[in-house]
Amino acid sequence: MSAPLRLSTVILPVRRWHEGGREQWQRAEELGFHTAYTYDHLSWRSFREQAWFGAIPTLTAAAAATSRLRLGTLVTSPNFRHPVTLAKELITLDDISGGRITLGIGAGGNGFDATALGQEPWTPRERADRFGEFVPLLDRLLTEDAVSHEGTHYSADEARNIPGCVQRPRLPFAVAATGPRGLRLAARHGQAWVTTGDPKISATGTPEDSVEALRGQMEKLEKACSDVGRDGAELDRILLTGFTPDGGRPLESLDAFVDFAGRHRALGFTEIVIHAPIPDSVFAADQKVFERIATEALPQLG
């Protein structure tokens, strides 16, 4: 029998806190979602000319406004962050939340974050190089009281992080990766692996193509785990929806979502993440259907 499936949501940081923002996070807790994540960007695609708030302050406020809901990023990247300062913020956030934080982390891309600090966009190889240095250093910073490191891209000089995370030995990493180097990082440092599917087929492929692509990613993850001597069953497998050829169709009805979730649970996914509806956007959906999915889908999956 397949493992129990968790259902989580993404709440994009587009609402002022006192104009519906607080209530949205509290509603996610009331609906029983396992985790509510947010994007960690400076701006994102079609939202660039609209309100967009910072991830860490938003999650801090959400931690104070909730008591049971896990919280996290999907995903943080090196594009505008440094491991030393990020570690300090995460330890603080984990403390305020009482140990409810998951760090989704990825290599980043060529979006607005890549140039907002005035730099040229990094090549795919440079992003992979930086990611490969960022994750192990962040791991050390979150588990050791004092860290010194002199790397190619990142350095730390007796960086102090006392008392460390509430969660021990540190808060969990959910590593987003599809390439061999990123998958090895997930195998070495992750408590979970995250994918959005295969971007090469998101616009032109079929749902069946997507399932096969995801199966292939799973096989590569298993190999990466084997290569580092780790049991792949130790990693949770998270699917962030909305970017496969299915698009928003799984949120069109409860039945559509149950069918979608069942097919992906059979692949081995342990957590499916759906976007909270945002009117007049790529994430537009019926709020009532979204809430029915939150409360009724998992019982139907057994």
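Contact means that heavy atoms lie within 4.5 Å. The model is predicted, so local features need pLDDT of at least 70 and side-chain atom pairs count only at pLDDT 80 or more, whereas totals for chains, interfaces and linings use all residues. Residues are numbered from 1 along each chain as its sequence is written, and side-chain values use heavy atoms, with hydrogens and water left out.

**View A. Buried residues of helix H2 and their partners.** Helices (H or I, at least four residues) and strands (E, at least two) are DSSP runs numbered from the N terminus. In H2 (residues 55–65), Ala55, Ile56, Thr58, Leu59, Ala62, Ala63 and Ala65 are buried, that is, under 20% relative accessible area with a 1.4 Å probe and protein chains only. These buried residues pack against helices H1 (17–30) and H3 (83–97) and against strands S2 (35–38) and S3 (70–76).

**View B. Packing of helices H6 and H7.** H6 (residues 207–227) and H7 (residues 254–267) pack at about 25°, with axes 10 Å apart. The two helices are therefore roughly parallel, a term for angles under 35 degrees.

**View C. Residues between H6 and H7.** Pro207, Val211, Leu214, Arg215 and Met218 of H6 meet Arg263, His264 and Leu267 of H7. By class, this contact has five nonpolar residues, one polar and two charged.

View D. The structure holds zero disulfides, a disulfide being a pair of cysteine sulfur atoms within 2.5 Å.

Methods:
Axes fitted to C-alpha atoms, helices over the stretch in contact; angles between N-to-C directions. Parallel < 35°, antiparallel > 145°, perpendicular 65-115°, else oblique. Nonpolar A, V, L, I, M, F, W, Y, C, P; charged D, E, K, R; others polar. Buried < 20%, exposed > 50% of the residue type's maximum accessible area, 1.4 Å probe, protein only.
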